[in-house]
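Hi,

Here is the structure I promised to pass on to you. Have a look at it first, and then read my notes below.

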Amino acid sequence: MTTMTAGTTTAGAAGSQVAVALESVTKTYGPVRALNGVSRTFRRGTFTAVMGPSGSGKSTFLHCASGLDRPSGGVVRLGGVDIGRLSETKRTKLRRERIGFVFQAFNLIPSMDVEQNITLPLRLGGAEAEPAWLDEVVRRVGLADRLRHRPSELSGGQQQRAALARALITRPEVVFADEPTGALDPRTARDMLRMLREAADLTGQTIVLVTHDPVAAAWADSVVFLSRGRIVDELTAPSAAAVMDRWETL
Ligand SMILES: Nc1ncnc2c1ncn2[C@@H]1O[C@H](COP(=O)(O)OP(=O)(O)OP(=O)(O)O)[C@@H](O)[C@H]1O
Ligand SMILES: [Mg+2]
């Protein structure tokens, strides 16, 4: 689906339909092979869930795919750029400009109010928020009446939504989320998933979501299953029941 709004996104790599590509990516920690030859492309505007048992390499996958971490072998391309060839400084800049993260621990800055937290990634890059885009992001996450609150004055779900707004404010080409709904009640979790879905459908952003929850995975276009550092299966147009079935045989 395409359409929409001021705030329409995707800078750079014009024409390419591939947002992220991994080719034979490995990651070892001493004797541990956390990723063992993972290849996968993520097309623009798609929403992909990544599932697998604890220790199967999901977080490692996310860290390598997003440029937070360097793989031990193989190639990761973000918008066509081989991030293994970038210096640490350039990799950080690319990440700040083109990637959004939502972690389970929200990592909000306690001394800053909601608006300051949301706009932090822009300010770190020396930019200011466009008022119309800030309004839209804040409206999408439902925090318009909480902008002057500190994180300690918010509920867990509101903190999570502030973290999502912070991930979206730079109009990142790709949003990586590591179990962002793990600590949320079902309704707040659904709001979060709907917002990720909208980021893919309305603004063409690419979403990669690590989750243990088949209901969450069912919001995605496809589910990639990891086991022992390898992709072992994939489901498209997943239903929660189909994800459950597949999960049980992993
Ligand atoms: N910094 C590290 N040093 C050493 N080993 C690590 C490190 N990070 C991860 N590992 C190991 O790599 C493997 C994959 O870890 P990873 O965190 O990617 O798993 P996961 O699928 O995200 O698990 P979970 O569902 O529990 O979060 C595990 O065996 C883990 O112990
Ligand atoms: Mg993990």
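Before the notes begin, one term: a helix here is a DSSP run of H or I with at least four residues, and helices are numbered from the N terminus. Please keep in mind that this is a predicted model.

Let's start with the ligand. Which residues surround ligand 1? They are Tyr29, Val32, Ala34, Gly52, Ser54, Gly55, Ser56, Gly57, Lys58, Ser59 and Thr60. By type, this shell splits into seven polar residues, three nonpolar ones and one charged one. Both β2 (32-43) and α1 supply at least two residues of the shell, and α1 gives the largest share, with three residues.

The buried ones are Lys58, Thr60, Phe61, Leu62, His63, Cys64 and Ala65. Just after α1 comes Gly67, with a positive phi of about 80°.

Now for a pair of helices. Packed helices are described by the angle between their axes and the distance between the axes. The axes of α4 (residues 131-141) and α5 (residues 156-168) come within 9 Å and cross at roughly 150°, and the crossing is right-handed. On the α4 side, the contact is made by Val137, Val138 and Val141, while α5 brings Arg161, Leu164, Ala165 and Leu168. Six residues of this contact are nonpolar, none is polar and one is charged.

Happy exploring!

Key. Residues numbered from 1 in each chain as written. Chains lettered and ligands numbered in written order. Predicted model: local features only at pLDDT ≥ 70, side-chain atom pairs only at ≥ 80, totals over all residues. Buried ≥ 20, exposed ≤ 12 C-beta atoms within 10 Å, placed from the backbone. Near = placed C-beta within 6 Å. Nonpolar A, V, L, I, M, F, W, Y, C, P; charged D, E, K, R; others polar. Axes fitted to C-alpha atoms, helices over the stretch in contact; angles between N-to-C directions. Left-handed = near helix turned anticlockwise from the far one by under 90°. Contact = placed C-beta atoms within 7 Å.
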